[in-house]
Amino acid sequence: MPLRRIPLSSTLNTRDLGGYPTNSGATRFGRIIRSDVPLNLSGQDIRILKNLGVTAAIDFRSAREITVRPSAFALLPDFTYIHCPFAIGNQDPGSAEGVPPLYARIISDFPIMRRVMQTIAGQPGAVVIHCAAGKDRTGVVSALLLLTAGVSESDILVDYQISYTYRRRLIDALRKQHPGLPEYVGRTDMIYMEKTLDQFFKTYGSVHHYLNRIGLSDEEISQLQSKLLH
């Protein structure tokens, strides 16, 4: 039976984008896996990933982030490691109200988003996508992938919110160490992605128009959909 949450030893937020309903069935398990950064991968972790068919990992973090905390995928010959840093880096939105505008900037980073989508579509096996916590940069890319597959907005919002559920104990521990930590830090409240999607459709009309605008051909969009659905 396919697993939604993938229990790796050094991550809290690794999960499959499979199993969400679409008009043509459901997104497939073992195609796209979203995650926080794995700093280590045990032998058991590697076996799990290989059994899932993972052949590549895409890291959305900045050069500075990967220098301080290298992804375990970059150190292993078993997987193709691709660095696709979004221009915003690991930027603090500054407030809860600043989260949707920050996400809009990720969406509007056309060169990186084009490379990400083309890379995912072209990989022969399953792909792990990750940033630092697996909730912002990875959350936005995951939402766009699910939109591309025809997943409903409600299911996209559900998928987005799960990150806080899996990371809440870590966030609670940080709050005890740093009592002044702003309330929005670490959270993935539905309203953040809901506002992001509302603005997305006002700006781009549809996900197909967006993918064309970032530079994907109709053939490449079909390849990306096939990756998620067939």
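Strand S5, helix H2 (residues 63–68) and strand S6 form a β-α-β unit that is right-handed, meaning that, with the strands pointing away from the viewer, the path from the first strand over the helix to the second runs clockwise. The model is predicted, so local features need pLDDT of at least 70 and side-chain atom pairs count only at pLDDT 80 or more, while totals for chains, interfaces and linings use all residues. Residues are numbered from 1 along each chain as its sequence is written, and side-chain values use heavy atoms, with hydrogens and water left out.

**Strands and helices**
- The protein has nine helices and seven strands, taken as DSSP runs (H or I, at least four residues, for helices; E, at least two, for strands) and numbered from the N terminus.
- S5 (residues 54–59) and S6 (residues 80–83) run parallel and are joined by four bridges, where pairing requires at least two DSSP bridges.
- In this pairing, alanine 57 stands opposite tyrosine 81 of S6.

**Nonpolar cores**
- The largest nonpolar core holds 53 residues, and Met113, Met117, Leu145 and Tyr210 have the most contacts inside it; such a core is a set of buried Ala, Val, Leu, Ile, Met, Phe, Trp, Tyr and Cys residues joined through side-chain atoms within 4.5 Å, with buried meaning under 20% relative accessible area (1.4 Å probe, protein chains only).
- Helix H5 (residues 137–149) contributes the most to this core, with eight residues.
- Another core, of 14 residues, lies apart from it and includes Leu41 and Val128.

**Overall form**
- Of the 230 residues, 50% count as buried.
- The C-alpha trace spans about 50 × 45 × 35 Å along its principal axes.
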